[in-house]
Each structure stands twice: as structure tokens, then as C-alpha cells.
Amino acid sequence: MNKYIPSLISILVLLVGTYEADAQCRRFARQRVISTLDDGQIIGQITSGTIGRGESAATVLEIDQSGPVDLILSTHNNLGNVTYSVVDTRGTVHGEGRVRGSQERISIDVEQDTDLIVHIESERSASAYTPLGCVALATTRVIDETNEFDLLTKE
């Protein structure tokens, strides 16, 4: 039994480290997205994840209502230049570009029940060390004054 203890401790340390990185990434996402909100805007969806330098990832964001939506993309400085592309399931390209350690806001006019596919890729590391960093995505939209859940403005 004693020969398995170092392996069990290593696994436990790995799991705790992974959980802590995920929690830090969620905090990063909330701070970055909330800091970019304008007056009269609300967050629709928010998602985040940790990737390594030179890696790529993709996610699907479901948009329920038609109209203008702002997509906020924020990356950690450790990832270097991150390229992104935003397309919908119909093949329409809504945005492409590059961001480095700050927020990029992409305004998109979508139809109801649209799925947006966001693909990101960080630049390759020049050394053997591959730093990790967080990427956060969020959709925001202008608050509708006739929102059915806004009890203060209902007559």
C-alpha cells in the first residue's frame, strides 16, 4: 500500500491544481466581461477556458433573440497574439481578427435562434515552455425596456 501513496498524492495535487486554474479562469472571465459592459447592457452568455500557447479551441454560442449582439473576447497576456473567427451555422462570417491580452468587442446583427461558432488560436511559443492562459467569451445586448421580467416598468 505504501508504494501507491506517492502516486495518489500526485494525482490529488494535479486535481487540486486543475480546479484552482479553472476557478481563476472563471474569475478572470467575470472581471474582464463586467469591466466592458456599457450602461444599459446585460450579459447573455459567458464562457471561459484555459488553453496553452500554440493551442486552439472552439465553442458554440446560442443566440435566442434576433437583433444586435456584442461578442466580447478577452485573452490572457500569456497567450500572445490570439486569432479568432466568428461564423454562424449558415456559413456567414461575422468577424475575424487578432487580439492580445485585452478585450475585443465584435458587434453582430443576428437572427433569432442563431448558433455562433467562435474559433480561437494562440500563437506558438518560441521556447520549450508552454504558458497557459485564460480565454473568456461573452455575449451582451442592450436592455430591452419592455423586458417581461422587469417588474418595475410594467403597468
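1. Two strands count as paired if DSSP finds at least two bridges between them. On that basis, this predicted model holds an open sheet of 4 strands. The order is β1-β8-β3-β6, and the pairing is antiparallel. Strands of a sheet pair through backbone hydrogen bonds, either parallel or antiparallel.

2. Look next at the edges of that sheet. β1 (41–52) and β6 stand there, each with a single partner strand, so one side of each is left without a neighbour in the sheet. From one strand to the next, the twist averages 20 degrees.

3. Within the pairing, serine 48 stands opposite alanine 136 of β8.

4. The largest nonpolar core has 19 residues. Leu71, Val86 and Ile120 touch the most other members. Several elements give two or more residues to this core: β2 (56–63), β3 (67–75), β4 (82–88), β6 (103–110), β7 (114–122) and β8 (132–142). Another core, of 5 residues, lies apart from it; among its members are Cys25, Phe28, Cys134 and Ala136. In soluble globular proteins, nonpolar side chains tend to be buried together.

5. Which residues does valine 86 touch, leaving aside those up to four places away in sequence? The contacts are Leu71, Thr92, Val93, His94, Gly95, Ile106, Ile108, Leu116, Ile117 and Val118.

6. Serine 74 sits in strand β3. Is serine 74 buried or exposed? Its relative accessible area is 1%, so serine 74 is buried, the cut-off being under 20%. Beyond residues up to four places away in sequence, serine 74 touches Phe28, Arg32, Ser102, Gln103, Cys134, Val135 and Ala136. Three of these names, Phe28, Cys134 and Ala136, also belong to the core of 5 residues.

7. The salt bridges come to 3. One joins arginine 53 to glutamate 123, with the closest N and O atoms 3.0 Å apart. This pair links distant parts of the chain, 70 residues apart. Arginine 53 is in the loop between β1 and β2, and glutamate 123 is in the loop between β7 and β8. Glutamate 123 is partly exposed, at 28% relative accessibility.

8. Aspartate 70 and arginine 105 form another salt bridge, at 3.0 Å from N to O. Here the partners lie in strands: aspartate 70 in β3 and arginine 105 in β6, 35 residues apart. Aspartate 70 counts as buried, at 14% relative accessibility. Arginine 105 is partly exposed, with a relative accessible area of 32%.

9. Glutamate 111 and arginine 90 also meet in a salt bridge, at 3.8 Å from N to O. Glutamate 111 lies in the loop between β6 and β7, and arginine 90 in the loop between β4 and β5 (93–99), so the pair ties together parts that are 21 residues apart in sequence. Both glutamate 111 and arginine 90 are exposed.

10. Most residues other than glycine have a negative phi. Aspartate 113 is not a glycine, yet its phi is positive, at about 55 degrees. Aspartate 113 lies in the loop between β6 and β7. At 54% relative accessibility, aspartate 113 counts as exposed.

Note on methods: Residues numbered from 1 in each chain as written. Predicted model: local features only at pLDDT ≥ 70, side-chain atom pairs only at ≥ 80, totals over all residues. Heavy atoms only, no water. Core = buried A, V, L, I, M, F, W, Y, C linked by side-chain atoms within 4.5 Å. Buried < 20%, exposed > 50% of the residue type's maximum accessible area, 1.4 Å probe, protein only. Contact = heavy atoms within 4.5 Å. Axes fitted to C-alpha atoms, helices over the stretch in contact; angles between N-to-C directions. Salt bridge = Lys/Arg side-chain N within 4 Å of Asp/Glu carboxyl O.
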